[in-house]
Amino acid sequence: MTIRSLLIANRGEIAVRINRAAKALGIRCVQVYSDADADSLAVRLADESVNIGPPPAAKSYLDIGTIVEAARRAGVDAVHPGYGFLAENADFADSVEAAGLIFVGPTGGTIRLLGDKVAAREVARRAGVPTVPGSAGRISDITEARDVIAGSGFPVMIKAAAGGGGRGIRVARSEAEFEQLFPQASAEAQAAFGDGGLYVEKVIGKARHVEVQLIGDGQRFVHCFERECSLQRRRQKVWEEAGAVMLPDAVRGRLCESAVAIAREVSYRGAGTVEYLYDEETGAFYFIEVNTRIQVEHPITEMITGVDLVAEMLRIASGEPLSIRQDDLKVSGHSIECRINAEDPARNFMPFPGVVGALATPEGEHVRFDTMLYEGYQIPPFYDSLLGKLIVWGKNRDAALERLRSALADLKIGGLPTTVPLHAALAANPDVQAGRFDTLFLENWLQTEEAIRQLKKEEVA
Ligand code: ADP
Ligand code: ADP
Ligand code: MG
């Protein structure tokens, strides 16, 4: 059934992004909002909006019953979950379909299977994709991790089976530390994800985070090449690039093919991402997880392939076959995204909600700023601190970096500290410019005198 109206079950910049893609397809948009988001840009842009309750997410954006009821009452055909919140909640997908509506994403069964990282590792193995050496399944104490520890030695990583957003992960350097961290990780996972299940993985040292964008209609599956997302803080991405320029072409080919093999294994429908760790020294890559949703960093893939991933999600959800063939997809140039957060990099990234003052956003060819911001907007303190994403394209990586530096200089968000100075410092950093970094680079760099000085200086400027 062709989607004519859509409930956007999210907030922030991704709600704005979905709104624009849907409108361009002639779809009527109904925006949900909590009491804290009545003045949001997403609400202003939507054709209609529905209040779904008080500010805490548990009482609004995470309330399945209220959101499905809002969709039914608004008479929409479909629901787009965005990322975060209920995007990877299988019960939500099932509830939407049980109400006779289209869920823009994979089936509840696929989300349930791949959302469990232990089960997903098994799927990857069945598809012939190498996984990080680790426990065969969930473990309940250190005795069940003995084999992994004996094989890989310390440190090992304790991970939540239901984890996401960098939470529920602990690194244990010794048996004593393992015994101490294990119950902590389980309690955190239980509180954050409602599932305290844990597994262990070998720690891949000096790794790059590389991921492959997938899109499928349940029968045909294509990849839209890879992204490099190693610049992370607290295991959350900060800066992303497409493609991963250090990958040898032969490895790139196998990596992208392996993601398609996973999609085929589960007859994947919708947009998704397969994440890997890449060991530059050995050239080996290891599956870590699948995200069964649109990702924050999807625009950089759009910039190098020309595919509108959100529009494609909506077409597939309407029952149309995939409009793209693998052979038609070609990479053009290079793209970089910087996540602009309402956090103060000079004060240990303290979140800083406030009122947006004068706003100047970069414009021009090959520059895109996906944002929820407008002048005078009061940023609510209840949700994550992402304000927007600055995305640039260049004919190669150097050209993209050049454009990024000038776009960052043009981006002025008055009234509150943001991560713009951090990105300016990174864009000027010789290691970043040379592409020499791994997943620990940013954390290490932030501890240096140079970083502390630069972030303070930017603050004064
Ligand atoms: P991406 O994989 O797209 O880079 P992030 O890890 O930055 O996504 O997460 C995007 C948002 O979704 C963040 O607000 C994060 O906290 C949230 N999120 C990611 N995974 C989960 C999950 N499994 N459960 C709840 N929230 C999640
Ligand atoms: P999440 O679901 O929270 O996104 P991931 O499994 O994707 O968790 O891991 C998040 C980040 O943690 C990775 O991008 C990487 O930087 C780091 N990481 C995860 N697993 C390992 C590992 N086995 N060895 C080293 N680093 C890892
Ligand atoms: Mg991840």
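Predicted model: local features only at pLDDT ≥ 70, side-chain atom pairs only at ≥ 80, totals over all residues.
Residues are numbered from 1 along each chain as its sequence is written, chains are lettered from A and ligands numbered from 1 in the order in which they are written, and side-chain values use heavy atoms, with hydrogens and water left out.

## Around His 334

His 334 belongs to strand β14 (residues 334-341); helices (H or I, at least four residues) and strands (E, at least two) are DSSP runs, numbered from the N terminus. With a relative accessible area of 3%, His 334 is buried. Buried means under 20% relative accessible area, exposed over 50%, and partly exposed in between (1.4 Å probe, protein chains only). The side chain of His 334 also makes a polar contact with the side chain of Glu 241, at 2.7 Å. A polar contact is a pair of N or O atoms within 3.5 Å; within protein, one must be able to donate a hydrogen and the other to accept it, and residues adjacent in sequence count only if both atoms are side-chain atoms.

Ala 242 has another feature to show: its peptide bond to Gly 243 is cis, with omega near -5 degrees. Gly 243 sits in the loop between β11 and α9 (249-265). A cis peptide bond also joins Phe 154 and Pro 155, with omega about 0 degrees, and Pro 155 is in the loop between α7 (146-152) and β6.

## The two ligands

Now to the ligands. Ligand 1 is surrounded by 18 residues, and the closest are Gln 295, Val 296, Glu 297, Arg 339 and Asp 384.

| Ligand | Residue | Part of the residue | Distance |
|---|---|---|---|
| Ligand 1 | Gly 84 | backbone | 3.4 Å |
| Ligand 1 | Gln 236 | side chain | 3.4 Å |
| Ligand 1 | Asp 384 | side chain | 2.8 Å |
| Ligand 2 | Gly 165 | backbone | 3.4 Å |
| Ligand 2 | Gly 166 | backbone | 2.6 Å |
| Ligand 2 | Gln 232 | side chain | 2.7 Å |

The protein covers 94% of the 550 Å² of accessible area that ligand 2 has on its own. For ligand 1, the protein covers 81% of 560 Å². Accessible areas come from the Shrake-Rupley method with a 1.4 Å probe; for residues, only the protein chains shown count as cover.

## Aromatic rings

The structure holds nine aromatic pairs. One of them joins Tyr 61 and Tyr 383 edge-to-face, at 5.5 Å centre to centre and 85 degrees between the planes. Rings of Phe, Tyr and Trp (its six-membered ring) pair if their centres lie within 6.5 Å; planes under 30 degrees apart count as stacked, over 60 as edge-to-face and the rest as tilted. Tyr 61 is buried at 0% relative accessibility, and Tyr 383 is buried at 12%. Ring pairs link Tyr 61, Phe 85, Phe 382 and Tyr 383 into a cluster.

Phe 225 is not a glycine, yet has a positive phi of about 70 degrees. Phe 225 lies in strand β10 (residues 221-233) and is buried, with a relative accessible area of 15%. Ser 267, also not a glycine, has a positive phi of about 50 degrees. Ser 267 is partly exposed, with a relative accessible area of 42%.

How values were computed: Near = heavy atom within 4 Å.
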